Amino acid sequence: MAVPTFVDRVTLHVVGGNGGHGIASVHREKFKPLGGPDGGNGGHGGDVILRVSADVTTLVDYHHEPKRKAGNGAPGEGGNRSGGHGGDLVLKVPDGTVVRSGGEHGTGEVLADLVGPGTELVIAAGGRGGLGNAALASAKRKAPGFALKGEPGQERTIILELKVVADIGLVGFPSAGKSSLIAALSRARPKIADYPFTTLVPNLGVVTAGSTTFTVADVPGLIEGASEGRGLGHDFLRHVERCAALVHVIDCATVEPGRDPLSDLDVIEAELRAYADGLAEGATGKDLLERPRLVALNKTDVPDAAQIAEFVRADLEERGYDVFDVSAASHAGLRELSFAMAEIVARRRADAPSREITRIVLRPQAEAGVGQEFTVDQRRGPEGQQQWIVRGAKLTRWVGQTDFSNDEAVGYLADRLARLGVEASLAKLGAEPGDDVVIGGTADLGWEDAVVFDFDPTIEAGAEMLGRRGEDQRLDRDDRRTNVERREALAAKRAQEAELRDLRERGEEPDWTSEDEDVDPEGTGA
């Protein structure tokens with residue numbers, strides 16, 4: 001089985017690291033069993049980052065390993081110790097990589113066009129770490145008995161598509177001599193043979209003409225119908241989209257019937273036009289036919305080819321082309337051609353604005369409308385029951401952070417939903433106790449990860465037994481008496497003692513009622 005060395009299109013599944021869970025912990029020390037919450041936060045998950053690198057020219061690494069995941073965040077610990085963050089996963093891609101959405105729910109839309117070494121794209125963000133109970137404590141919630149769970153990392157299936165970044169693109173029929181020409185102009189050593197479609201991958205060569213250094217791409221041979229998938233052109237036409245200029249390499253020594261330099265040029269131009277017309281408005285190669293084009297009449301070292309080149313020169317110049325008679329074998333005319341290409345490249349570079357290294361971060365679009373925290377829709381469930389669908393990015397995050405095995409955590413979620421206005425909105429729309437309320441969930445999973453609640457705005461969570469949700473009243477308990485209470489108790493005791501002395505002096509026995517059971521005037525401790 002052949003192992004590919006040049007891959008320009010791959011499907012890649014990337015997953016950001018999961019955030020670590022927060023922890024619920026109480027500080028304990030001798031004579032102080034309830035010293036307050038000290039649970040630390042979970043660490044954030046790592047991001048999956050695509051970074052343009054000049055050292056990478058192919059996507060072959062991702063052809064062999066199409067699944068990549070960043071590091072997970074560590075959970076929090078007691079003693080207010082937060083978990084460590086997960087490591088970012090940096091994936092190096094070639095200059096000119098286009099990132100598209102893919103997979104079962106992908107639309108194929110362009111997410112980013114990565115051009116320029118150092119350009120970065122955060123394609124899958126890591127999940128945020130959950131808060132520990134120390135971070136959740138407040139004046140009204142002094143000892144939360146719960147913590148928030150870490151968020152899962154983003155998960156995406158994307159398509160990476162390489163469009164070679166070259167200054168000049170060589171186009172032409174198979175065996176027109178493009179590979180020989182690029183080998184003669186540069187130090188590139190592409191495969192050269194005397195049969196069509198020898199070149200199966202684009203070749204890049206670096207050419208220096210005067211003070212200008214530029215790159216030349218040898219695009220595999222085009223034939224009629226290439227824009228519709230014939231030959232190799234359908235796969236490789238995109239590699240000429242970014243070129244500053246195109247050079248038509250025309251074989252003047254061909255012996256195939258029905259072919260001549262003018263008809264070859266017309267066929268290639270028609271395929272370029274059909275390809276550009278098929279691109280979306282604003283795409284990189286939409287203006288392909290507006291770019292400068294040169295004509296290289298190749299193989300003029302052959303006597304018959306030189307005569308044909310001389311015969312068609314006037315017609316080509318009349319069409320507005322700059323024409324050069326060249327021979328890759330004898331190197332005739334290559335200096336003039338290279339300087340003409342360098343002039344076009346230098347002019348384009350001077351006119352182009354300076355490009356800065358950019359960092360792009362993809363974030364999921366809010367499921368609710370613009371300016372809305374959430375939306376509420378009504379539908380009938382599978383058993384005919386009334387269901388209210390509440391969706392919003394914030395709600396989805398809150399539900400994912402909640403530990404539903406902890407009553408205090410559920411009560412905290414209920415408080416958050418109430419403050420956001422979810423209960424009030426449901427009541428206003430006519431929701432009745434017992435209706436199903438479906439909150440959270442993601443479209444990529446078909447909303448199967450949503451959580452269903454019974455609507456009952458008056459219900460109290462288990463945490464209410466401790467007072468307010470998340471509040472432990474044991475920390476507020478203080479059995480010590482105040483100074484005022486001590487003085488009142490001392491005064492009451494002295495009054496009782498005085499009354500007891502008066503009774504004994506009169507020879508009477510005290511008759512204490514049940515209201516005085518707590519009084520111990522004798523001080524016996526009974």
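Angles under 35 degrees count as roughly parallel, over 145 as roughly antiparallel, 65 to 115 as roughly perpendicular, and the rest as oblique. The model is predicted: local features need pLDDT of at least 70, side-chain atom pairs count only at pLDDT 80 or more, and totals for chains, interfaces and linings use all residues. Numbering starts from 1 along each chain as its sequence is written, and side-chain values use heavy atoms, leaving out hydrogens and water.

**Exercise 1. Classify the packing of α8 and α9.**

Solution. Locate the helices: α8 spans residues 393-401 and α9 spans residues 407-420. Helices (H or I, at least four residues) and strands (E, at least two) are DSSP runs, numbered from the N terminus. Take the angle, about 170 degrees, and the axis separation, 10 Å. Axes are lines fitted to C-alpha atoms, for helices over the stretch in contact; angles run from 0 to 180 degrees between N-to-C directions. α8 and α9 are therefore roughly antiparallel. Last, list the residues that meet: K394, L395, W398 and Q401 from α8, with L413, R416, L417 and L420 from α9. Contact means heavy atoms within 4.5 Å.

**Exercise 2. Describe the largest nonpolar core.**

Solution. Start with the term: a nonpolar core is a set of buried Ala, Val, Leu, Ile, Met, Phe, Trp, Tyr and Cys residues joined through side-chain atoms within 4.5 Å. Buried means under 20% relative accessible area, exposed over 50%, partly exposed in between (1.4 Å probe, protein chains only). The largest core has 26 residues, and I168, L181 and F214 touch the most other members. Elements giving two or more residues include β9 (168-171), α3 (178-185) and α7 (334-351). The largest share, seven residues, comes from α7. Now follow L181: its contacts are L170, V249, V326, A328, L334 and L337, leaving aside residues up to four places away in sequence.

**Exercise 3. How many disulfides does a search of the whole structure find?**

Solution. Apply the cut-off: a disulfide is a pair of cysteine sulfur atoms within 2.5 Å. The search returns zero. C243 counts as buried because its relative accessibility is 0%. C252 counts as buried too, at 2%.
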